[in-house]
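Please keep the sequence and the model in view while reading.

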Amino acid sequence: MVFGRAALYRLPLHHSLTHSFIKPSKISHLPCHSPTVPSFQIRAVNSESKLKEMTQSKDEGLSNTWKIKMLYDGECPLCMREVNMLRERNQAYGTIKFVDISSDDYLPEENQGLDYKTVMGKIHAIQSDGTIHTNVEAFRRLYEEVGLGWVYAITKYKPILTITNGIYGIWAAYRLQLTGRPSLEKILESKKKLTERTCNDEKVCKM
């Protein structure tokens, strides 16, 4: 094999290659245009509120097909992990209607008369026929509706259900403290003051 310059001269393209280069003296005459760079305007967006609007709109789109409601605390960060997982699964089923009890729009009369204080104490799920489920049984019913019934299937046995309800009861009792939030009494007092302020400002009080 021949390497180096001798090999290059043997190539038939050598002549065209050596004569096709632009002379340095001509480079200065070449047109020089800067490539057009598209400009983008960046706007600050409140990602949290945007995400809430998106998830609410998705939930509204599924509101006509629901078989069970999940009453959840939208201000509980740990709870929201599970809610978001179920909400994602629900996109393929449309069987769960998610109701945020921390929202100002929450109405007990639309949810079997369950008020904020009651539903803050433990998980509640309401079937379309009005049947109310609480504690681990509520989770089992919700999971079944999105194809994850096997997760809580063992809790159909009463001894297991009793044990798991006991464990969940401890979590429910201390979840506000564990998530760095005030006690339920302080939250209720804060909501009461906010309601009174709104009533005084707008001369209308929605109960």
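The sections below treat confidence, salt bridges and nonpolar cores in turn.

## Basis and confidence

This is a predicted model, in which local features need pLDDT of at least 70 and side-chain atom pairs count only at pLDDT 80 or more, while totals for chains, interfaces and linings use all residues. Residues are numbered from 1 along each chain as its sequence is written, and side-chain values use heavy atoms, with hydrogens and water left out.

The predictor's confidence in each residue is its pLDDT, on a scale from 0 to 100. The chain has an average pLDDT of 78, and 65% of the residues score at least 70. Over residues 1-51, pLDDT stays under 50, and the model has seven contacts for them beyond four places in sequence; a contact means heavy atoms within 4.5 Å.

## Salt bridges

A salt bridge is defined here as a side-chain nitrogen of Lys or Arg within 4 Å of a carboxyl oxygen of Asp or Glu. By this rule there are six salt bridges. One of them joins aspartate 73 and arginine 175, at 3.1 Å from N to O. This pair links distant parts of the chain, 102 residues apart: aspartate 73 lies in the loop between β1 (68-72) and α5 (77-90), and arginine 175 in helix α8 (residues 158-178). Helices (H or I, at least four residues) and strands (E, at least two) are DSSP runs, numbered from the N terminus.

Within helix α7 (residues 135-144), arginine 140 and glutamate 137 are three residues apart, about one turn of the helix. Their closest N and O atoms are 2.7 Å apart in a salt bridge. Glutamate 137 also forms a salt bridge with arginine 141, at 2.8 Å between the closest N and O atoms. Glutamate 137 is buried because its relative accessible area is 17%, whereas arginine 141, at 26%, is partly exposed. Buried means under 20% relative accessible area, exposed over 50%, and partly exposed in between (1.4 Å probe, protein chains only).

## Nonpolar cores

A nonpolar core is a set of buried Ala, Val, Leu, Ile, Met, Phe, Trp, Tyr and Cys residues joined through side-chain atoms within 4.5 Å. The largest has 21 residues, of which Met70, Ile96 and Phe98 touch the most other members. Two or more residues come from each of β1, α5, β2 (96-100), α7 and α8. Helix α7 gives the most to this core, with five residues.

Another core, of twelve residues, lies apart from that one and includes Leu71, Tyr106, Met120 and Ile126.
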